[in-house]
Amino acid sequence: MSSSSSSRLMGQLPFPSENGYKPWEDQSFIKWKKRDPHVTFRSHESLEGSLKYWYERNKVNYLVANSAVWNDDAVRGALDSAAFWVENLPFVKSLSGYWKFFLASSPKKVPENFYDSAFRDFDWDALPVPSNWQMHGFDRPIYTNITYPFPLDPPFVPEENPTGCYRTFFQIPKEWKSRRIFLHFEAVDSAFFAWINGVLVGYSQDSRLPAEFEITDYCHSFGSENKNVLAVQVFRWSDGTYLEDQDHWWLSGIHRDVLLIAKPPVFISDYFFKSNLSKDFSYADIEVEVKIDNSQETPKDTVPSRFTIEASLYDTTGWYKGDADADLISSNVANMKPKVVSGASPGFQGYWLGGKLDIPMLWSAEKPNLYTLVVILKDSSGNVVDCESCLVGIRQVSKAYKQLLVNGHPIIIRGVNRHEHHPRLGKTNIESCMIKDLVVMKQNNINGVRNSHYPQHPRWYELCDIFGMYMIDEANIETHGFDYCGHVKHPTLEPSWAAAMMDRVIGMVERDKNHACIISWSLGNESGYGPNHSALAGWVRGKDPSRLVHYEGGGSRTSSTDIVCPMYMRVWDIVKIANDPDEIRPLILCEYSHAMGNSNGNIHEYWEAIDSTFGLQGGFIWDWVDQALLKDTVENVKRWAYGGEFGDVPNDLNFCLNGITWPDRIPHPAVHEVKYVYQPIKISFGEGTLKITNTHFYETTQGLEFTWTAHGDGCKLGSGVLSLPSIEPQNSYHIEWQSSPWYSLWLSSAAEEIFVTVTAKLLDSTLWVEAGHVISSTQVQLPARRNVTYHELKNNGGTLVSESIEDRITISKENFWEIMLNAQTGIIETWKVGGVLVMNKGILPCFWRAPTDNDKGGGFNSHLSLWKAAQIDTLQYITESCSIQNVSDHLVTIAVVFLGVPRREEGLSSDLGDKTVLMKIEVVYTINSSGDVIMNCNVIPKSDLPPLPRVGVEFYLEKSVDQIKWYGRGPFECYPDRKAAAHVDIYEKNVDEMHVPYIVPGECSGRADVRWVTFQNRNGIGIYASIYGNSPPMQMSASYYTTEELDRAAHNEDLVKGDNVEVHLDHKHMGLGGDDSWSPCVHDKYLIRAAPYSFSIRFSPITPTTSGQEIYKSQLPK
């Protein structure tokens, strides 16, 4: 900050004066009395204290995740976590708890002199700190993706600027006597002033990084009975808001902890650990650069002679192997000694210590080996003056041609983007919830996280170090809304914004620089590109050449990024870049596979390319969690709410719901697909060989157990343990077909289809999962032993009874089954089995589905817009003809022609013209005395229709017919472009279990590649359906919610169950898409072109004495 700005501020603070100057509307003024950024302080009292601290702090595993809370209990959980994070730190005190709070509608309405010690706040509310005040009934959350929540007029913000006034009290422990006291805010949104006992002590911006002020001279004396008053004024909007236009909720307040930190007069103010590995990784040269604050010492040049600095590394891996307390000090593996560094600036208060570590245990996401670094400042008598510590990892990040290397290996990023989000707390964090995130990520083969789009809670980095997660740490800079504003330039093009942008990048790097998990620094997100970014990249590269620089803006290939990092680029385009010999950088998608609602189609195609193309090194899915917030309904029931549901204007509705998990971290069905394409053990079968590849770079398969299971037509043929030698990283093992343990089963089986599933499980528990967890599971189909030709069903005796009464045709066989058709419409109206009504409406053609979010994306070009323009959503079926073509004692054949016309054309059947008929459907029912009904369908759509949502049939079953068993893919929801993880087998679920409760309903609950399915009541009575003849496997769904209901409801909780079960059997079903959610992105192979289709379905009654499998076999050759 310039001296002129400082003097100007001194004349204006704490409130605007008559000339109207507002510090929070001046982009050149970003802080006042704020200390330089630095690593997280611990302020230990001793070496032993530091090691005990980490001994306890590192005791985390998957069991902790079980205590994660997502409801009102989280408020208490946040306070408990804030207290836990400073346990056993005698010189760090958390001020978390309930503070006095008043929300003013604007800075002008703030209570006069509220910061004075004598101010009476007895009538103020109580608000937990840390928290976002909108999550406690004050003001309202706002969700926007790109649009700023107020008119764009930088650096000015609205006069109506909600301003939170906080007050709390504290005392300085007498044990802190003679120490310097620092007030440390871990994060406040968006700008704030702070006072101690009525004295202004500082101002800061940047909602995601710490602000620290020295308050020693403003506090009551040590051990005083008088309580110190801390007052804070927080502005919802400031000029800093223009740099914080990320796609998430706008929430305000002191959302991370507030700490008091006591330091000696001379103390360790910062330190930077570095390691340099030898070429063969047999040793590491280690170094720590230490900064000393001696600002209160006189004379300063005598400090080096009166103090010494020590730095040591301790190996934490053996700390937890015994039952008794570990001898922590004996784990020392390296001591660093002072060293002279060439080029050091004269007078610079930095000190370097160096050493050597032989045979270092390297850190990677696969093997997150860590050491504890302890830095100690001692006086001339050898007494500990100050002690700091952190976890460090020995690892090397480097570049090669088209490669990012970690420890010399071109790692693959199997990543996700992660916002800080809690459905009850907003942006406030809980220890167990962060661990829950990591546990679920690791259990689903995720190894990388991009902190979107700002630095996150300090504990998050420690946990990523411990659990093993590659990280891109991202600066709190996004100016996306400037893209759509023609009257102002992006801040990156304006010199007046350069200091604010640089401050955010420097603050991130300085705080987080010692974390092993960080492999790249990001300059921010969606902020255009300009000279300010060049300056940011230059500073980062100069400060920390040990990591790469990442920035997508400007087209993802500017000189300010070491990684080509596009977002939502199509798979064929990333392959094109990778194959460009002039592009020497690796390509890692910073965002891809937009997970909005029922999505993530095509993701396997990305990974087929990544796994086979040099230069492609993975990507980060957008994103981790549905960013819904808990909200009370008028019925006093809590549900997850999205943009616009808090009265927030402007808003972007449910565009915040694009995670692969729900807000409580329960995975969406798509996570199965993610886990599959991310799995490190790859299995393929071809040319008579099963190939098992270990794609790890550091782990062998020694810790895995491989098992196999063979199924024929859904029946288990055999299983066993697959005895394999340990497969080294990046190596494969081949099993010849004829020597495999399932070969003899294949030879002796009469099954039409035989699948072998090979599964790799963990032999031992890890930090993130217990033993037995499935790491990888792949199903391969074995060659057919013969060409299967479906034969025509034979009548198995018995006599049909057929009678016509008015417009109804009843066909039955004794008391076994009865079908009633409408002779005018050709529609089956009822089907009874054993006298029990099973089907009460059907069977009709169907081409419509409840639109998904991806169907809606693309404006006028979206699939939904095209469907509606073509009136596919209004199709109704008029019967052009219905005729009984054959009647005998054993067979009845009925031919029906349906015409699909828009609903507005209803009643025009006698005057139908070609332009009104969108579909012609020719159906032939062949009803056998066995009870089998063969439905042959010919679909002839109008040729100029857009790609269709589905081609199939729908019918309705009695509500009690709720037990479903199918032979196909499952057991979870899957679709034609998202089914690689779904194995073919026989599965069972009830109708309720089939439903997938996406927050915003749409098409859901489908199962792909179904050969046969049964729908039965609890007594075993029901209907069987299967493919027939040469028809391929079907897409199947069954729901209590009609398609219209899934389209109508804005929330899963709004869905009203119908009186029936709606069943869909689709010959074709359009893919889900997912490359993004704002353009039609279903790949061509998963589109259903408007062309003729023919298919056949077999229906049959089923009773407890028969099974779907037996019925299906009856149409196969013996």
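Trainee: Which residue in β13 is the bridge partner of F185?

Mentor: That's V258. Keep in mind that we're looking at a predicted model.

Trainee: What makes β7 and β13 a strand pair?

Mentor: Pairing takes at least two bridges between the strands. Residues 180-185 of β7 and residues 258-263 of β13 are joined by 6 bridges, so the pair qualifies. The two strands run antiparallel.

Trainee: And what is the strand order in the open sheet of 4 strands?

Mentor: The order is β2-β13-β7-β10, and the pairing is antiparallel.

Trainee: Why are β2 and β10 said to stand at the edges?

Mentor: Each has a single partner strand, so one side of β2 (92-94) and one side of β10 (211-214) is left without a neighbour in the sheet. From one strand to the next, the twist averages 20°.

Trainee: What makes K34 and S204 a polar contact?

Mentor: Their side chains come to 2.9 Å, and the limit is within 3.5 Å, so that counts.

Trainee: Last one: why is helix α12 called largely enclosed?

Mentor: In α12, 7 of the 9 residues are buried, so the rest of the structure largely encloses the helix. Among the buried ones are E673 and K675.

Key:
Residues numbered from 1 in each chain as written. Predicted model: local features only at pLDDT ≥ 70, side-chain atom pairs only at ≥ 80, totals over all residues. Heavy atoms only, no water. Polar contact = N/O pair within 3.5 Å; in protein donor to acceptor, adjacent residues only side chain to side chain. Axes fitted to C-alpha atoms, helices over the stretch in contact; angles between N-to-C directions. Buried < 20%, exposed > 50% of the residue type's maximum accessible area, 1.4 Å probe, protein only.
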